[in-house]
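The sequence and the structure come first.

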Amino acid sequence: MLHNIGTMLYHGAGLHLDPSISPQRLAEAVRRVLSEPSFAARASALGRAIAREGPGPARLVAEIEDFALSPSRRTLSAA
């Protein structure tokens with residue numbers, strides 16, 4: 001989840017808010033994100049970039065399979 005937040009912030013698709021934000025400040029932040037076109041444009045661009053990467057789960061399965069079949073793989077422990 002933190003990776004998603006970092007990606008969103010890096011691309012300018014949202015705002016970082018303190019967890020103890022007041023309801024008034026939260027409302028202001030929501031109004032800002034909904035009213036400034038740059039947030040929508042950046043979120044849309046980020047969405048397109050993510051979609052171009054292809055299906056996430058399928059890519060993850062392929063990476064796990066590649067790792068499992070690799071002769072140089074490390075032994076993983078459940079500990």
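## Basis and overall fold

Helices (H or I, at least four residues) and strands (E, at least two) are DSSP runs, numbered from the N terminus. On that basis the protein has four helices and zero strands, and along the sequence these follow the pattern α-α-α-α.

The model is a predicted one, in which local features need pLDDT of at least 70, side-chain atom pairs count only at pLDDT 80 or more, and totals for chains, interfaces and linings use all residues. Residues are numbered from 1 along each chain as its sequence is written, and side-chain values use heavy atoms, with hydrogens and water left out.

## Surface and burial

The accessible surface comes to about 6800 Å², with 62% of it belonging to carbon and sulfur atoms; such areas come from the Shrake-Rupley method with a 1.4 Å probe, and for residues only the protein chains shown count as cover. A residue is called buried under 20% relative accessible area, exposed over 50%, and partly exposed in between (1.4 Å probe, protein chains only). Of the 79 residues of the protein, 8% count as buried.

## The loop between α1 and α2

G12 lies in the loop between α1 and α2, and it counts as buried because its relative accessible area is 14%. D18 has its place in the loop between α1 (2-10) and α2 (23-35), but is partly exposed, with a relative accessible area of 45%. The side chain of D18 makes a polar contact with the side chain of S20 at 2.5 Å, where a polar contact is a pair of N or O atoms within 3.5 Å; within protein, one must be able to donate a hydrogen and the other to accept it, and residues adjacent in sequence count only if both atoms are side-chain atoms.

Just after α3, G54 takes a positive phi of about 95 degrees.

A43 is placed in helix α3 and counts as partly exposed because its relative accessibility is 35%. The C-alpha atoms of A43 and G12 are separated by 7.6 Å, although these residues are 31 residues apart along the chain. For G12 and L46, which are 34 residues apart along the chain, the C-alpha separation is 9.2 Å.

## Lining of the largest pocket

The largest pocket is lined by H3, N4, T7, H11, L46, I50 and E53. The elements that give two or more residues to this lining are α1 and α3 (37-52), and the largest share, three residues, comes from α1. A pocket here is an open set of points on a 1 Å grid over the protein atoms alone, where a 1.4 Å probe fits, with protein on both sides within 12 Å along at least five of seven lines, and lining residues have an atom within 4 Å of a point.
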